[in-house]
Amino acid sequence: MATSTTPSSLSFFTSSVFLSSANQNSKLFCHWKPNSLKPQTKPLSISSQLATLPVLSFAGEKVGETYLDLKSAPPETARAVVHRAIITDQQNKRRGTASTLTRAEVSGGGKKPYQQKKTGKARRGSMRTPLRPGGGVVFGPKPRDWSIKINRKEKRLAISTAVASAAVNTIVVEDFGDKFEKPKTKEFIAALKRWGIDPKEKSLFLMTEVSDNVRLSSRNIGTLKLLTPRTLNLFDILDSDKMVLTPAAVDYLNERYGINYEGGIEDDEEEEEEEQQGEEGEEGLEAGEDSDAAE
């Protein structure tokens, strides 16, 4: 019977970082004692995942190695941290402007369509009942705020944990911003093949600076995501099969998500962005309510 192999993915459902070993689970049951029911406080331990990454030239030759030293959540809580962060990102993108009309808000229906008895039909008090086409909607959506909050440190830990789990499928390429004299998708695909990346696989490029020729050469490749530190997000990290970094991007990750990071100006920028997103959501919510009131 033939067996099929599934390609490696950066999904946190299959990554070894998010799966605790069976031995750890067995210890919980083998060493259980009645006195262990007493509450025990155990501080959250954040480890540092050190990974060695190959450095390739633009021609595809290995020219050296570098390291990626990032914070990582412990295996027993890593999956929960990443899951909470991705749910927060996805839910905060909802505008919450969906709205429907109830039978009290639909126009018309003020007159009884026919008499109560002697018609052989079901009794009807309004033509705008939810049981008829054109009537109101029962328990339909109304404008609401879907946004939820997550701590900045927790969100940063989720991103660093996801990047650390993707280190096995990550390579570093020397800065190639000046290698493209003009926008040419065919040349970019040829470079991907030299680096050992299948153009049909989902790949993520993280660069601190993106030249116009690189951006124009890669934008027609549907499986490729070209991100900067400002646009780095958890969903694209988990959704990609390969990750390509530049030396400057590696330095940024080690500085931003390393074990010795203490916060800085970027935290204030993140807080301003979250406030702007919250204001935009409130404006969209108010606009939806105003449109309903006008109708």
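**Aromatic rings and nonpolar cores**

F180 and F188 are both buried, where buried means under 20% relative accessible area, exposed over 50% and partly exposed in between, with a 1.4 Å probe and protein chains only. The model is predicted: local features need pLDDT of at least 70, side-chain atom pairs count only at pLDDT 80 or more, and totals for chains, interfaces and linings use all residues. Residues are numbered from 1 along each chain as its sequence is written, and side-chain values use heavy atoms, with hydrogens and water left out.

There are eleven aromatic pairs in the structure. Rings of Phe, Tyr and Trp (its six-membered ring) pair if their centres lie within 6.5 Å; planes under 30 degrees apart count as stacked, over 60 as edge-to-face and the rest as tilted. For F176 and F205 the ring centres are 6.3 Å apart and the planes are at 85°, so this pair is edge-to-face. It links distant parts of the chain, 29 residues apart: F176 lies in the loop between β3 (170-173) and α4 (185-194), and F205 in strand β4 (residues 203-206). Helices (H or I, at least four residues) and strands (E, at least two) are DSSP runs, numbered from the N terminus. F176 is buried at a relative accessible area of 0%, and F205 is buried at 1%. The rings of F180 and F188, with centres 5.6 Å apart and planes at 25°, are stacked. Ring pairs join F58, F176, F180, F188, W195 and F205 into a cluster.

In soluble globular proteins, nonpolar side chains tend to be buried together. A nonpolar core is here a set of buried Ala, Val, Leu, Ile, Met, Phe, Trp, Tyr and Cys residues joined through side-chain atoms within 4.5 Å. The largest such core has 34 residues, and V163, L232, L234, I237, L245 and L253 have the most contacts inside it. Elements that each supply at least two of its residues include α2 (75-92), α3 (152-165) and α7 (247-256). Beyond its neighbours within four places in sequence, L234 is in contact (heavy atoms within 4.5 Å) with V82, A85, I86, D89, A158, I159 and A162. A second, separate core of 16 residues includes L56, I197, L224 and V244.

Strand pairing requires that DSSP finds at least two bridges between two strands. β3 and β6 pair in the parallel sense over three bridges, with L245 in β6 as the bridge partner of V172. β4 and β6 also run parallel, joined by four bridges; S203 has K242 in β6 as its bridge partner.
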